[in-house]
Amino acid sequence: MITHVERRGAVPTVLDGEALAPALIAQEAQALLVRLGSLRPFVMTETMVLAAALPYEAHRAIEHFLHSGRTTLRDQVGAFLEWLDGPGREAPAWEQQRRFVAIRMRFNDVLSQLDLFAEVVTQRSEQGTGVWLSGLDGLARDAVQVPGSPVPPPPLVCYLARGPGAAIRRARTRLPGGRLSPVAIIRVPRERMVGHGVASSLVHEVGHQVAAQLDLVPSLQAEIDRRAVRGDRRAWAGWRSTVSECIADLWSVGKLGISSTLGLLAVVSLPRALTFRPPRGDPHPMPYVRVLLSAAVGTTLYPHPQWAALVAAWKACYPVGDVTPEVQEDIARLERTAPAMAELMASHRPPALGGRSIADVLPLGSRTPESLVARFHAWGDDLGVLARQPPSLVFAVMGQARAAGLVAPRAESALLTDVLSAWAVRSSIDVMQRPHTTDEPLRPATPIADSAQP
């Protein structure tokens, strides 16, 4: 009877439980290496036109992240097999199995990370959609800029998903397995694909990334606490619990003007039961109140009668007469303090900005309604002019033109589609012209099988 495994992974000729266990475990570990070796970099598996490609820095960061994960896991499996063939040979089967299971869990984490980024990359191969997403990457890159910020913005990438709302997985948040994401991933709802409304959802999510970079939520909450001492405590408690969404809405209005509020209005145009539903632990304010706050932010940053007109239209669509007295009281309290909340956020001076306020780092001079309308008349539908402008400014201009009745939805959608394509083409040319750099090379991986790739 064979009492030990004579060759790594060899099944003993006479089946004995003590000898069979390490052989089976070794075979499964070797199988992990084979499966790990079959994973390919996205540059070898995804087909897309160059204009649809991910931003260079984002793609490089993703490939490096996944490559280092595969390499580390490959080393861990190799070390486990050496242990199993050496000191671990005398270990009990339960200890051998425990160590193998831990490694297999890490393998599943690697696959989960791959699947997460594959969802982002695969859509770039869809005709039309890929180029459109590449253009949105440019909008996200523009919207995340904070002049003079001590923290450089991370790469951002966009992808489409079902559902009415957008979402973001911020950079440097934990992925399956505990590693930090090298990029920010923005999920854009498919129903937002037409017109300026997509910018409202996208830039709101970018606002969450900016808030994390500048550590805005804790400092804003501290300021709200101070304001509550001498004001309506219940109202300020409501704003405090939803401040992360409020500051993202302010960032969106700051970058897009009324385009942001119009887009938000479309997102929260829900059945009445949902529009008037209190947060109750949800970080989002009541949908009805979100529109009121967005308009209050617009009035604070870009004073104009259009904001009052928009609020009146919103109230006409959702009269509050038939909601419960408790909800009516909450709405009245929050509406009464919305201008103060908007002013508090705009004037807030977080430590990260070195004495500057949030309003100081927003492009206020170029986003006033009068300035946006003037640009619309000056630019017309000249694609060459539009493609040279900051993406957030173009979307702000088009949303303001829609609000003023200067452009129809069909013409707006066609023009923005062309501009997104132009930005995508320009970004691909920028990548081709990028000079060669001598960055630290990726760590080479030892092939495990003929099909293995680093």
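The legends below describe close-up views of a predicted model.

Residues are numbered from 1 along each chain as its sequence is written, and side-chain values use heavy atoms, with hydrogens and water left out. Local features need pLDDT of at least 70 and side-chain atom pairs count only at pLDDT 80 or more, while totals for chains, interfaces and linings use all residues.

**Figure 1. Overview of the protein, with 18 helices and three strands.** Helices (H or I, at least four residues) and strands (E, at least two) are DSSP runs, numbered from the N terminus. Of the 454 residues, 49% count as buried; buried means under 20% relative accessible area, exposed over 50%, and partly exposed in between (1.4 Å probe, protein chains only). Among contacts with a separation of 6 or more, 74% join residues 24 or more positions apart, a contact being heavy atoms within 4.5 Å.

**Figure 2. The open sheet of three strands, in the order E1-E3-E2.** Its pairing is mixed; two strands pair if DSSP finds at least two bridges between them. Strand E1 (156-161) and E2 are the edge strands, each pairing on one side only. From one strand to the next the twist averages 25°. Between E2 and E3 the pairing is antiparallel, over three bridges, and Arg 169 stands opposite Ile 185 in E3. H5 packs on the sheet, where it touches E1 and E3, and its direction makes about 135° with that of E1. Axes are lines fitted to C-alpha atoms, for helices over the stretch in contact, and angles run from 0 to 180 degrees between N-to-C directions.

**Figure 3. Ser 134 in helix H5 (residues 129-143).** Ser 134 has a relative accessible area of 4% and is therefore buried. Leaving aside residues up to four places away in sequence, Ser 134 touches Ala 51, Ala 52, Ala 53, Arg 124, Ala 424 and Ser 427.

**Figure 4. The largest cavity, with about 40 Å³ of space.** The structure holds one cavity of 30 Å³ or more. On a 1 Å grid over the protein atoms alone, a cavity is a set of points where a 1.4 Å probe fits but cannot get out, and a pocket is an open set with protein on both sides within 12 Å along at least five of seven lines; lining residues have an atom within 4 Å of a point. Grid points are joined across faces, edges and corners, and a volume is the space filled by probe spheres set on the points. Residues lining the largest cavity include Trp 132, Met 193, Phe 395 and Ser 413. Helix H18 (residues 409-432) gives the largest share of this lining, four residues. By type, the lining has six nonpolar, three polar and no charged residues. Ala, Val, Leu, Ile, Met, Phe, Trp, Tyr, Cys and Pro count as nonpolar, Asp, Glu, Lys and Arg as charged, and the others, Gly among them, as polar.

**Figure 5. The second largest pocket, with about 550 Å³ of space.** Of the 26 lining residues, Gly 165, Val 267, Val 268, His 284 and Arg 290 lie nearest the centre of the pocket. Helix H6 (197-214), helix H9 (243-256), helix H10 (258-267) and H12 each give two or more residues to the lining, and the largest share, five residues, comes from H6. The lining divides into twelve nonpolar, eight polar and six charged residues.

**Figure 6. Arg 280, a residue other than glycine with positive phi.** Its phi is near 50°. Arg 280 is in the loop between helix H11 (272-275) and helix H12 (287-301), and is exposed at a relative accessible area of 73%.
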